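Dear colleague,

My notes on what was found in it follow directly after it.

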Amino acid sequence: MLISARNLVMTYGSGGSATHALAGVDLDIWPGSLAIMGPSGSGKTTLLHCLAGIVRPTSGTVTFRDQALSAMSDRQRTALRRSDFGFLFQSGQLLAELPASENVALPLMLDGQPAKAAIGAAREWLARLGLAGMENRRPGELSGGQAQRVAIARALITKPSVVFADEPTGALDQSTGQQVMQILVEASAHTGAALVVVTHDQLVAQSCQRTVIMRDGRDVTAQFAPPVQQQVPPAPAPAQPAPFGGAH
Ligand SMILES: Nc1ncnc2c1ncn2[C@@H]1O[C@H](COP(=O)(O)OP(=O)(O)OP(=O)(O)O)[C@@H](O)[C@H]1O
């Protein structure tokens, strides 16, 4: 088990104006892909942020490899996020001034790797994600789907144990979103990382092995019959470092 959440409660505000964003959620995360679905305001992002140690829940526990996040100092949790977690957001949050290769290399350089080695590794990741030849482009010179692939490479280059993605295809058209999702699932499986994806999109959720449905701060997955879990096995890792998601 990588992450275990028990009885997570998150209440914003107090008294009559309190919002119960999470009202007692249990969730276990292990390698593989998990979609968190549910209507707007159902607590998906709050749950993701609690699992990733970005915010502290009002009550309940989150453990990563049996270590309680609440027992860690802010500095320890920040270090954990840098070493073990990768993040992907709706729009890649790439640095506009830096070429793709440096955007991807940045987490390694922040970890103290020499720039040359980090950029070499970044170029390999970009090639693996079908972006060979685009290493020197800045984010403004890439399509939305290409920019998200750069962001995927940046999220995975540190070989995180868990990748957290919040609406990673939200800014893309459906077909580009499908391709990006396929690449994200395959690339995460290739590195052995667990993938946790918050999405509104049923098609995005179908790319994942497991789905959790949130409503009013609760996990209501069990209320849905027939079971919504998909049993799609992760794609086998390619023998050769071929581009993920086919050629684009
Ligand atoms: N920082 C905050 N302060 C106060 N209320 C908040 C805060 N963050 C979230 N909320 C409230 O908590 C509830 C859950 O929000 P959350 O963003 O987790 O939902 P969501 O399912 O991710 O929604 P969406 O799909 O629209 O992003 C909402 O009612 C929201 O308004």
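Predicted model: local features only at pLDDT ≥ 70, side-chain atom pairs only at ≥ 80, totals over all residues.

Residues are numbered from 1 along each chain as its sequence is written.

Overall architecture

The chain contains seven helices and ten strands; these are DSSP runs numbered from the N terminus, with helices being H or I of at least four residues and strands E of at least two. Its radius of gyration is 18 Å, close to the 18 Å that the globule rule gives for 248 residues, so the chain is as compact as a globular protein of that length. The radius is taken over C-alpha atoms, and the rule is 2.2 Å times the number of residues to the power 0.38. The C-alpha trace spans about 55 × 40 × 35 Å along its principal axes.

Of the 248 residues, 42% are buried. A residue is buried if 20 or more other C-beta atoms lie within 10 Å of its own, exposed if 12 or fewer, and partly exposed in between, with C-beta atoms placed from the backbone. Among contacts with a separation of 6 or more, 71% join residues 24 or more positions apart; a contact requires C-beta atoms, placed from the backbone, within 7 Å.

An open sheet is formed by four strands in the order 2-1-4-5, with antiparallel pairing. Strand 2 and strand 5 (67-68) are at the edges with a single partner strand each, so one side of each has no neighbour in the sheet. Two strands count as paired if DSSP finds at least two bridges between them.

Strand 1 (residues 3-12) is joined to strand 2 by eight antiparallel bridges. Within this pair, I3 stands opposite I29 and Y12 opposite T19. The two strands form a hairpin with six residues between them, and G13 in the turn has a positive phi of about 75°. Strand 1 also runs antiparallel to strand 4, through five bridges, and S4 stands opposite T63 there.

The loop between strand 4 (59-64) and strand 5 holds R65 and D66. Both are residues other than glycine with positive phi, near 45° for R65 and near 70° for D66. R65 counts as exposed because it has 11 C-beta neighbours inside 10 Å, and D66 counts as exposed with 8.

Helix 5

Helix 5 (residues 144-156) has 13 residues that should span 18 Å at 1.5 Å a residue, and its end C-alpha atoms are 18 Å apart, which agrees. The expected span is 1.5 Å times one less than the number of residues. Twelve of the 13 residues are buried, so described because the helix is mostly covered. Its cover includes strand 6 (85-88), helix 3 (100-110), helix 4 (115-128), strand 7 (162-166) and helix 6 (174-191).

With kind regards

Conventions. Contact = placed C-beta atoms within 7 Å.
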